[in-house]
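Subject: Structure for you to look at

Hello,

Here is the structure I promised to hand over. Please open it first, then read my notes beside it.

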Amino acid sequence: METGATQAGSTPPHEATGALAGVRIVEFAQVIAGPIAGTLMADMGAEVVHVEAPHTGDTARTMGPAKNGHHLWWKVLGRNKRSVTLNLREESSRPVVEKLIAWADVVIVTFRSETLRKFGLDWESVSALNPSAIMLQISGYGANTSKSNAPGFGKMGEARSGVVHLTGFDGGPPVHTGFSHGDTTTGLMGAFAVSAALVRRGTDPQRRGEWIDLALHETLYRLVEWQVILYDQLGIVPQRSGNALAVAPAAVINTYLSLDEVWITVTSATTRSVVNVVRLLGLPVEEYDTVEKQMQGRAEIDGALAEWIARTDAETALTALENAGVVASRVLNVEDIFSDEVYRERGNIVTVADQDLGPVRMPSVVPTMSNSPGQVWRTGPRLGEDNDLVYGSWLGISDDERARYEDDGVI
């Protein structure tokens, strides 16, 4: 079931709901990592102002495929935000920058360190203007390193994290995942860190702010939680091993092709679940009833399972695996996702009105909260669509003052 449909043609009325309703965020950030942190928090009700260069806007506006001249990625990445234009390269923009910082609870930046100082967006400047501000700074290599001014993109972060080295098949090249893995996980970690800082600030009598300094490799590096201790204690450098994983939780984990050429993934993370696989395959249980025996016989179990699935159609195999208490699933593509029962039951696809394309479908808000649910109330806005609202109503800049900024090319 799809949820959240709105009538196409204009931006719908908006009353913020969600766990972060009332939190004010300004983004001096482009492309993916910083903006997706803001999008995730906007989904949860935060009021997010996305600052873009006049005329050109965020580079993300023109990324990826387009329909009728309208780029689709931006419709999702920019959703639930306000777009304002501001030429940060003009010195006369500084008073507007300062008003935005003073207005915000959270400031998100992704410029290089020297550029941040030039624009007055470094931590010292931000905290001087707004001592309660929480600043999320995302950069290629981190603000305290010799490469603080070096550019960075997500794929670089992925490569540096260890994830790409581990991904692929034995003897084959390292493989990046099929989406912006490094950028998006960095944005997710950034949103988590901001939320933690907001909780801490809420209990601080002085309402002191926080500087969150996040490099593009750090989230994935942290999530591969075992690689450092394995190397430290055992001297092991894990290598690529396909879908079986370099360090697997148990003896059964792989993908298998069924008789009707459907890929199925099977994973068994406990001793008992591996025994369930062994029993289903008709192998002698007593030879695989401990972790040690299972790991020693891993290749035999994997081979027998591959042969069994190869001579069985996918639906029959999945039903048998489920009845045996074994966790398995088809490997879904996006067409499968659109027709999947669980996705439908969860309401994971939402229909949203778009000014250019009419009704469009995209992922719903994740995670689901029962008492303070988020919402998708708008797709990515047009460039500068919210200049009047933000600069006029929220910041109190007069019409005459805004007219002067526009004449000077600042807004």
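**A buried pair to begin with**

D354 and K75 are both buried. Their side chains meet in a salt bridge, with 3.1 Å from N to O. The two residues come from distant parts of the chain. D354 sits in strand β12 (residues 349-354), K75 in helix α2 (residues 72-77), and 279 residues separate them.

Please keep in mind that this is a predicted model.

D356 has 27% and is partly exposed.

R382 lies in the loop between β13 and α17 (387-394), and D356 in the loop between β12 and β13, so the pair ties together parts that are 26 residues apart in sequence. R382 is partly exposed, at 41% relative accessibility.

Next, find the open sheet. It has 6 strands in the order β5-β2-β1-β6-β7-β8, and the pairing is parallel. Which strands form the edges? They are β5 (81-85) and β8 (210-215), and each pairs on one side only. From one strand to the next, the twist averages 20°.

Walk through some of the pairings:

- β1 (residues 24-28) and β2 (residues 47-52) run parallel and are joined by 4 bridges. E27 has H50 as its bridge partner in β2.
- β1 and β6 also pair in the parallel sense, over 4 bridges. The partner of I25 in β6 is V106.
- β6 and β7 run parallel too, joined by 4 bridges. I108 has L136 as its bridge partner in β7.

Stay with β6 for a moment. In a regular strand the side chains alternate between the two faces of the sheet. Both faces of β6 are covered. V106 and I108 are on one side, V107 and V109 on the other, and all are buried.

Helix α1 (residues 33-43) lies across β1, β2, β5, β6 (106-109) and β7 (134-139). Helix α1 runs at about 160° to β1. Then there is α17, which packs on the sheet and touches β2 and β5. The direction of α17 makes about 85° with that of β5.

**Aromatic pairs**

How many aromatic pairs are there? The count comes to 3. One of them is F111 with F119, an edge-to-face pair. The centres are 5.4 Å apart, and the planes make an angle of 85°. F111 is partly exposed, with a relative accessible area of 24%. F119 is buried, at 3%.

Another is W123 with W211, a stacked pair: 6.2 Å centre to centre, with 15° between the planes. W123 lies in helix α5 (residues 123-129) and W211 in strand β8, so the pair ties together parts that are 88 residues apart in sequence. W123 is buried, with a relative accessible area of 18%. W211 is partly exposed, at 33%.

**The whole protein**

Now zoom out. The protein has 18 helices and 13 strands. Its C-alpha trace spans about 85 × 50 × 40 Å along the principal axes. Of the 411 residues, 45% are buried.

Contacts across the sequence deserve a look as well. Take those between residues at least 6 apart: 68% of them join residues at least 24 apart. The accessible surface comes to about 20600 Å², and carbon and sulfur atoms hold 53% of that.

Best wishes

How values were computed:
Residues numbered from 1 in each chain as written. Predicted model: local features only at pLDDT ≥ 70, side-chain atom pairs only at ≥ 80, totals over all residues. Heavy atoms only, no water. Salt bridge = Lys/Arg side-chain N within 4 Å of Asp/Glu carboxyl O. Buried < 20%, exposed > 50% of the residue type's maximum accessible area, 1.4 Å probe, protein only. Pairing = 2+ DSSP bridges. Axes fitted to C-alpha atoms, helices over the stretch in contact; angles between N-to-C directions. Contact = heavy atoms within 4.5 Å. Areas by Shrake-Rupley, 256 points an atom, 1.4 Å probe, with all protein chains shown as cover. Phe/Tyr/Trp six-rings, centres within 6.5 Å; stacked < 30°, edge-to-face > 60°.
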